[in-house]
Amino acid sequence: MRSTRRAGVLAALALLGVLAGCSGGPAEPDQAAPDQAGPSVGYRDETNGFGIDPPQGWRIGAGPEQAAVTFLLPAPDTSAGPPVTVTMNVVTAATEDDLATTVTQTRQQLPALAPGYHPVVDEAVTLPSGLPGHLFGSTFTQQITMRNLQLVVVVPGKIYVVTATTPDASFPRHEPVIRKSMMSLVLL
């Protein structure tokens, strides 16, 4: 089935975009994201139909081409050696698949995407807005050991993938704000 592979491929491509975006030195942020999350979401994308509260202090900047938005930690992370840009991307696309199909396909495709890929999170979640989703997390090698957390939400006709990537060494420090931000995803 062509559409069955599409959603899983999109989730996998979202990870690939992150891999390409976090190699090398830091990216230059080009616009400030709101500092504080209030009762409404701090970032709204009417065109793609979502809102999200970015982590406090993170900035909007250049990211992978397929990302609707990329949030960047303002300073590069040097906890594991070379400077790494810590990122969170939101990717959206049309799909004919449902969440269960997307999860199955993503599980099959992610291991082939990155050297040293090792899954560490694979869990169903329900966002505070009531949306069902799925979290995938992994470590992989890209000059250093990196850590990734990815939220996948599928609604009729559309997939939303929120992916954050940090050095594995500093992931525990970043994880609480990343998870909080991911869980704030709402559809408009």
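Is Phe-50 buried or exposed, and what is its relative accessible area? Phe-50 is buried, with a relative accessible area of 0%; here buried means under 20% relative accessible area, exposed over 50%, and partly exposed in between, with a 1.4 Å probe and protein chains only. The model is a predicted one, so to speak: local features need pLDDT of at least 70, side-chain atom pairs count only at pLDDT 80 or more, and totals for chains, interfaces and linings use all residues. Residues are numbered from 1 along each chain as its sequence is written, and side-chain values use heavy atoms, with hydrogens and water left out.

First, the overall picture. The chain has 3 helices and 11 strands, where helices (H or I, at least four residues) and strands (E, at least two) are DSSP runs numbered from the N terminus. Along the sequence they follow the pattern α-β-β-β-β-β-β-α-β-β-β-β-α-β. Of the 188 residues, 51% count as buried. Among contacts (heavy atoms within 4.5 Å) with a separation of 6 or more, 60% come from residues 24 or more positions apart.

Phe-50 also turns up in a sheet. This open sheet of 3 strands has the order E2-E3-E11, with antiparallel pairing; two strands pair if DSSP finds at least two bridges between them. Its edge strands are E2 (43-45) and E11 (186-187), each pairing on one side only. E2 is joined to E3 (residues 50-52) by 3 bridges, and Asp-45 stands opposite Phe-50.

Next come the aromatic rings. The whole structure holds 3 aromatic pairs; rings of Phe, Tyr and Trp (its six-membered ring) pair if their centres lie within 6.5 Å, and planes under 30 degrees apart count as stacked, over 60 as edge-to-face and the rest as tilted. One of the pairs is Tyr-43 with Phe-71, edge-to-face at 5.5 Å centre to centre and 90° between the planes. Tyr-43 lies in E2 and Phe-71 in E5 (residues 69-72), so this pair ties together parts that are 28 residues apart in sequence. Both count as buried, Tyr-43 at 16% relative accessibility and Phe-71 at 0%. Phe-50 and Tyr-160 form another edge-to-face pair, 6.3 Å centre to centre with 70° between the planes. That pair links distant parts of the chain, with Phe-50 in E3 and Tyr-160 in E10, 110 residues apart. Tyr-160 is buried too, at 4% relative accessibility. Tyr-43, Phe-50, Phe-71 and Tyr-160 form one aromatic cluster.

Strand E8 (residues 132-142) is mostly covered, with 8 of its 11 residues buried. On one pairing, 8 bridges join E8 to E7 (residues 118-126) in the antiparallel sense, and Pro-119 stands opposite Ser-138. E8 also pairs with E9 (residues 144-155), again antiparallel, over 9 bridges; here Thr-139 has Arg-147 as its bridge partner. The loop between E8 and E9 holds Gln-143, whose phi is near 70°, a positive value in a residue other than glycine. Gln-143 is exposed, with a relative accessible area of 65%.

Finally, helix H3 (residues 171-183). At 1.5 Å a residue, its 13 residues should span 18 Å, and the end C-alpha atoms are 17 Å apart, which agrees; the expected span is 1.5 Å times one less than the number of residues. The buried residues of H3 are Phe-171, His-174, Ile-178, Ser-181 and Met-182. Their cover includes E3, E6 (87-94), E8, E9 and E10 (158-167).
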